[in-house]
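Please go through the short briefing on the structure shown here. Keep the sequence and the model side by side as you read.

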Amino acid sequence: MKPDDDVCLCFHVSQRKVCAYLKREQPKVASQLTECLGAGTGCGWCVPFLEQLHRQWASGDEPGLLVPAAGYAARRSDYKASRKSDNTPDVDASTND
Ligand code: FES
């Protein structure tokens with residue numbers, strides 16, 4: 001994944017924005033990344049990736065996701081479809097118009 005690729009697809013929060021937030025705000029826990037433009041507060045797909053970025057940063061490594069951007073959005077679509085089949089509520093920003 002490149003720096004300008006979106007980690008949070010619901011709120012279009014790029015990896016660059018998340019990394020800048022980590023360095024600037026130094027959140028103690030990954031859940032504080034929700035304060036970075038709402039990252040992770042939609043469908044929830046990106047939460048494990050946000051947690052990974054936080055773990056990398058907290059351990060002193062340069063945060064960066066190695067997942068290929070090409071399949072990232074498709075995997076999120078599969079995730080959302082599987083959640084709907086479980087009748088799990090989906091709070092996606094794209095449906096809040
Ligand atoms: S992709 Fe981040 S909450 Fe949906």
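This is a predicted model: local features need pLDDT of at least 70, side-chain atom pairs count only at pLDDT 80 or more; totals for chains, interfaces and linings use all residues.

Residues are numbered from 1 along each chain as its sequence is written, and side-chain values use heavy atoms, with hydrogens and water left out.

**The whole chain**

- The chain has 3 helices and 2 strands. Helices (H or I, at least four residues) and strands (E, at least two) are DSSP runs, numbered from the N terminus.
- Read from the N terminus, the elements follow the order β-β-α-α-α.
- Of its 97 residues, 37% count as buried. Buried means under 20% relative accessible area, exposed means over 50%, and partly exposed lies in between (1.4 Å probe, protein chains only).
- The accessible surface of the chain is about 5,800 Å². Carbon and sulfur atoms hold 52% of that surface. Such areas come from the Shrake-Rupley method with a 1.4 Å probe; for residues, only the protein chains shown count as cover.
- Take the contacts in the chain with a separation of 6 or more: residues 24 or more positions apart account for 54% of them. Contact means heavy atoms within 4.5 Å.

**Helix α2**

- Helix α2 covers residues 47-58, which makes 12 residues. From first C-alpha to last, α2 reaches 16 Å, close to the 16 Å expected at 1.5 Å a residue. The expected span is 1.5 Å times one less than the number of residues.
- The buried residues of α2 are Phe49, Leu50, Leu53, His54 and Gln56. They sit on the same side of α2 because they cover an arc of only 160 degrees around the axis. The arc is that of the directions from the helix axis to the C-beta atoms.
- An α-helix has 3.6 residues a turn, so residues three or four places apart point the same way.
- The buried residues of α2 pack against β1 (6-8), α1 (15-25) and α3 (69-85).
- Exposed Arg55 and Ala58 are on the face of α2 turned away from its buried side.
- Gly60 follows α2 and has a positive phi, near 90 degrees.

**Aromatic rings**

- There are 4 aromatic pairs. Rings of Phe, Tyr and Trp (its six-membered ring) pair if their centres lie within 6.5 Å; planes under 30 degrees apart count as stacked, over 60 as edge-to-face and the rest as tilted.
- Trp45 and Tyr79 form a tilted pair, because their ring centres are 5.6 Å apart and their planes are at 50 degrees.
- This pair links distant parts of the chain, 34 residues apart: Trp45 is in the loop between α1 and α2, and Tyr79 is in helix α3.
- Trp45 is buried, at 10% relative accessible area. Tyr79 is partly exposed, at 26%.
- Ring pairs join Trp45, Phe49, Tyr72 and Tyr79 into a cluster.

- Gln15 lies in helix α1. Its relative accessibility is 4%, so Gln15 counts as buried.
- Leaving aside neighbours within four places in sequence, Gln15 has contacts that include Met1, Val7, Leu53 and Leu65.
- Gln26 lies in the loop between α1 and α2. Its relative accessibility is 52%, so Gln26 counts as exposed.
- Not counting residues up to four places away in sequence, Gln26 touches Tyr21 and Trp57. Gln26 and Trp57 are 31 residues apart in sequence, and their C-alpha atoms are 8.9 Å apart in space.
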